[in-house]
Amino acid sequence: MANNGEQNQTEAGRHQEVGHKSLLQSDALYQYILETSVYPREHEAMKELREITAKHPWNIMTTSADEGQFLNVLLKLINAKNTMEIGVYTGYSLLATALAIPEDGKILAMDVNKENYELGLPVIKKAGVDHKIDFREGPALPVLDELVKDEKNHGSYDFIFVDADKDNYLNYHKRLIELVKVGGVIGYDNTLWNGSVVAPPDAPLRKYVRYYRDFVLELNKALAVDPRIEICMLPVGDGITICRRIK
């Protein structure tokens with residue numbers, strides 16, 4: 001059994017990677033995944049944006065590199081063309097999407113903070129994919145409500161990624177299920193929420209983790225019984241639930 005000094009050293013060595021949201025118990029194993037299959041294949045623009053984001057004080061909000069790779073491959077597998085992203089931050093996952101979809105593909109991207117998006121925008125422009133992005137600053141719900149009102153938007157999206165305010169995830173789902181096509185995919189990020197979904201009620205948690213945990217739990221329960229989708233919850237990053245609309 002490790003003594004206190006060894007335990008402290010182990011804890012100090014954790015989460016050295018920016019955006020390290022891995023739920024793996026072994027940091028060495030996570031590093032192995034990054035160095036073996038993620039970093040060698042990471043697009044130069046993705047690497048540049050990841051390094052820029054690393055210097056931002058809120059860098060924990062970024063999509064992890066392995067999740068960015070997963071999203072990029074997933075989008076190619078389903079031949080996504082018309083997509084949406086709710087919650088952009090500096091645009092790491094947005095760039096992964098833009099690089100994956102075809103030249104005439106589109107991304108409706110929404111975030112309440114345009115300043116963060118503009119931090120990554122020069123990299124996105126340098127990658128030559130900014131023309132695919134329609135960025136809207138402000139809350140997503142009003143935009144979604146307008147989209148839902150027009151029936152021509154129903155079933156028009158191939159892929160939607162949500163990494164935003166957890167207290168609105170269920171509100172998003174009620175609208176997104178109408179906008180994604182049958183056979184299309186919605187990805188909800190942070191569905192394992194720092195592992196807090198299995199923490200006892202009296203567990204010591206950061207204030208923001210504790211506040212949003214109940215909303216994440218509520219979402220997970222709702223998705224598990226929603227007959228309109230097939231789901232797969234993956235321990236990638238901070239947990240991502242892939243929902244495929246079947247009706």
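Start with the cysteines: a search of the whole structure turns up zero disulfides, a disulfide being a pair of cysteine sulfur atoms within 2.5 Å. Select C232 and you'll see a cysteine in no disulfide, its nearest cysteine sulfur being that of C243, 9.8 Å away. For C243, that sulfur in C232 is the closest one too, and 9.8 Å is too far for a bond.

Before going on, note that this is a predicted model: local features need pLDDT of at least 70, side-chain atom pairs count only at pLDDT 80 or more, and totals for chains, interfaces and linings use all residues. Residues are numbered from 1 along each chain as its sequence is written, and side-chain values use heavy atoms, with hydrogens and water left out.

Now colour those cysteines by accessibility. C232 is partly exposed, with a relative accessible area of 38%, while C243 is buried at 1%. (Buried is under 20% relative accessible area, exposed is over 50% and partly exposed is in between, using a 1.4 Å probe and protein chains only.)

Stay with C243 and pick one of its contacts, V185. V185 sits in strand β5, residues 180–189; strands (E, at least two residues) and helices (H or I, at least four) are DSSP runs numbered from the N terminus. V185 is buried, with a relative accessible area of 4%. What does V185 touch, leaving out residues up to four places away in sequence? Show L74, I78, D158, F159, I160, V180, I242 and C243, where contact means heavy atoms within 4.5 Å.

Next stop, the aromatics. Rings of Phe, Tyr and Trp (its six-membered ring) pair if their centres lie within 6.5 Å; planes under 30 degrees apart are stacked, over 60 edge-to-face and the rest tilted. By this rule there are seven aromatic pairs. Select W193 and Y208: the ring centres are 5.8 Å apart and the planes at 85°, so the pair is edge-to-face. This pair links distant parts of the chain, with W193 in the loop between β5 and α9 (207–224) and Y208 in helix α9, 15 residues apart. W193 is buried at 6%, whereas Y208 is partly exposed at 35%.

Y212 is partly exposed at 24%.

To finish, select W193, Y208, Y211, Y212 and F215 together: they form one aromatic cluster.
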